[in-house]
Amino acid sequence: MNLGGFKNKEVVVDLTQGQVTYREINEDLAKKYIGGRGLGVKYVFDNGPEVEALSKENILCLMTGPVTGSRSTMSGRLCFVTKSPLTGTVTDSHMGGWSAARLKWAGVDNVIFKGKSDKPVYLYIENGEAKLRDASDLWGKSVRETINQLKDRYGKDDLSVITIGQAGENQVRFASWINENDRAAGRGGTGAVAGYKNLKAIVIKAVQKGNMPEPKQKEKYLEASKKATKAIMDGGLTAPKKGGLSLYGTNVLMNIINEVGALPTANSKFSNFDGAEQHSGEAIRDSILVSEPACHACPVACKKEVEVKEGKYKVKVESFEFESAFAFGSNCGLADKEPIAFLIDICNEYGMDTIELGHALSVTMEAYERGLTEEKLDWGDADRMIEIAKLVPFKQGIGAILAEGPAAAAAKFGAPEISMSVKGQSIPAYDPRGIQGIGLGYATSNRGACHLRGYTVASEIAGIPEPTDRTKPEGKGELLKIFQDLLSFSDSMNICKFSSFSENAEHYAEQYSTMTGNELTADDVMKTGERIYNLERYYNNLAGFNKREDDFLPKRFTEEGGSGNSKGLVSRMDIMLDEYYQVRGWRDGVVSDEKLKELEIV
């Protein structure tokens, strides 16, 4: 391989045979799909869209990108790519911290897991070599118990541990991978795929010195990296210790989104919450914030570690993020920050997606309110929420129903309409009635409801790169496509999405081109992102998502008006979806043969 940035080594782990082999990266594929999300999706696509998510035939890919572990700002991301047991779609789930950089420094770009082990195992990586080791003594342990035991074994310095907890072991369909920094690859149930395969953890031992990726055009790369870093340092949201994201973390959005009437409340019966300020980023900073750790090569430090020092919710956890705070807060009618922090810690300890668990609880609350279940759970009942949350990882009692996911639980209660989900994945913290574009984004996301596929909130709320009217559906199809394509590329470089608040396609093109030596323009960046997004959609089409009805929002958003400053608004999917399909060149959500050929997918 002639591309810079890559170690040109993929580890292929056959769990069924207990064998580890190595292969080089196909350069042509790397040029077309970049790395990270894009290349991982290509591997999962080639493995076959028809496979069952929880089966020996499904593969699980751990992927980095060409700038991972480099001097590029925010280049400390990795992703797991697989077929989701929650949605049945292709999915990719990302985490920050230092694990990605250490994987690259250890001489490995990607790891592909195949088959299923007949006993619990973990993978140990050091100096370009990977070995499967017995994890029988780790099975049944929580995330932190596992991390601590492996750090005792291999030393705390220069070590990353990525592991599943009991939720993954028991194949909870929204089980997550968690690393030693409480960073989660949260969405889509990638941890459940690992649990099915009896894969407990991935351990990486590596130092930075002498192991950082080598750029093809060193001087030009340093210039490109400095230019991108300056954009971050000067950004209104990203400037260290000045920008809102740096000061308050993602939870800077709590008061803002609530004020416009777009904070899903009480399972989205309302779109604003009187208690939101109590667990906002500002309130957290003034009360329980204890540290602000950063990922590799990141000056922003958006993670906010908190500590509740007294009382029954005593806990120390990283971190108190907007999505998690919404999921257990407004979504469940809970205002107090202390039990919210405690619930976030439960998810990190057992390895669960905070968004899905929050929705599992809110669905149960509405079902109980309607008399559809005898499982008592009132709005805002923190102690009962905690009791039920601890049942889910072990599939005990009501936890067995909720472990299948909120959409499945709602159907079990006899009211599928009370699940605020798309393709089986629950919505994040933005009510689509008050922010029109993000509703279209939820409906057309290739991994189920997701704000991170195409973050139109940047434009509709923050005015980045230019402002659009959050209440107007017109033009949102074209706006969303731009965001989806750009973020497909950044995910494939595996650079943090928050970089897009300050960087643009030109910044990405310059860093990629000078690192790899494969020249791309800003237009090429967008075209490559479009290719990746269409490949995902094509996978889903072949997996059975091939009709307009699959790109839907729950009727609550299209028929019931919002509240607060979005009172009476509904999501105008009727207008936006037609426009979006036209801009995409799709026929009722199906990628055309012409588009596949145009993008050189087939």
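The structure described here is a predicted model. According to a domain assignment, the protein chain is divided into domain 1 (10-205), domain 2 (249-422) and domain 3 (436-552 + 572-599). The centres of domain 1 and domain 3, taken over C-alpha atoms, are separated by 25 Å. Contacts between these two domains involve 39 residues of domain 1 and 33 residues of domain 3.

An open sheet of six strands has mixed pairing and the strand order β8-β7-β12-β9-β10-β11. Its edges are formed by β8 (129-134) and β11 (184-185), each of which pairs on one side only. Helix α4 (residues 143-154) packs on this sheet and touches β7 (121-126), β8, β9, β10 (177-179) and β12. The direction of α4 makes about 145° with that of β9. Strand β9 (residues 159-163) runs antiparallel to strand β12 (residues 199-205), and five bridges join the two. Within this pair, Val 161 has Val 203 of β12 as its bridge partner.

Glu 126 stands opposite Glu 129 in β8. The hairpin of β7 and β8 has two residues between the strands, and in this hairpin Asn 127 takes a positive phi near 55°.

A second open sheet has three strands in the order β13-β14-β15, with antiparallel pairing. Here the edge strands are β13 (289-291) and β15, each pairing on one side only. On average, and with direction ignored, neighbouring strands of this sheet are turned by 30° against each other. Two bridges link β13 to strand β14 (residues 305-308) in the antiparallel sense, and Leu 289 has Val 306 of β14 as its bridge partner. Helix α12 (residues 337-350) lies across β14 and β15 and runs at about 65° to β15.

Several backbone features were found in loops. The peptide bond from Glu 318 to Ser 319 is cis, with omega near 5°, and Ser 319 is placed in the loop between β15 (315-318) and α11 (322-328). Lys 395 is not a glycine but has a positive phi of about 55°; this residue is in the loop between α14 (382-391) and α15 (398-402). Another cis peptide bond joins Ile 464 and Pro 465, with omega about -5°. Pro 465 lies in the loop between α18 (457-460) and α19.

Helix packing was examined next. Helix α17 (residues 436-444) and helix α19 (residues 476-493) pack at an angle of about 60°, with their axes 10 Å apart. The two helices are therefore oblique to each other, and the crossing of α17 and α19 is right-handed. On the α17 side the contact is made by Gln 436, Gly 437, Leu 440, Gly 441 and Thr 444, and on the α19 side by Lys 476, Gly 477, Leu 480 and Gln 484. By class, this contact of α17 with α19 has two nonpolar, six polar and one charged residues.

Helix α19 also packs against helix α23 (residues 573-584): their axes come within 8 Å and cross at roughly 55°. That angle makes α19 oblique to α23. The crossing of α19 and α23 is right-handed. The α19 residues in this contact are Lys 476, Gly 477, Glu 478, Leu 480, Lys 481, Gln 484 and Asp 485, and those of α23 are Met 576, Glu 579, Tyr 580, Val 583 and Arg 584. The residues of the contact of α19 with α23 divide into four nonpolar, two polar and six charged.

Helix α20 (residues 505-516) and helix α21 (residues 522-542) pack at an angle of about 95°, and their axes are 8 Å apart. These two helices are therefore roughly perpendicular to each other. Ala 505, Glu 506 and Ala 509 of α20 meet Ala 522, Val 525 and Met 526 of α21. By class, the contact of α20 with α21 has five nonpolar, no polar and one charged residues.

Methods. Residues are numbered from 1 along each chain as its sequence is written. This is a predicted model: local features need pLDDT of at least 70, side-chain atom pairs count only at pLDDT 80 or more; totals for chains, interfaces and linings use all residues. Side-chain values use heavy atoms; hydrogens and water are left out. Axes are lines fitted to C-alpha atoms, for helices over the stretch in contact, and angles run from 0 to 180 degrees between N-to-C directions. Helices (H or I, at least four residues) and strands (E, at least two) are DSSP runs, numbered from the N terminus. Angles under 35 degrees count as roughly parallel, over 145 as roughly antiparallel, 65 to 115 as roughly perpendicular and the rest as oblique. A crossing is left-handed if the near helix is turned anticlockwise from the far one by less than a right angle, and right-handed if clockwise. Contact means heavy atoms within 4.5 Å. Ala, Val, Leu, Ile, Met, Phe, Trp, Tyr, Cys and Pro count as nonpolar, Asp, Glu, Lys and Arg as charged, and the others, Gly among them, as polar. Two strands pair if DSSP finds at least two bridges between them.
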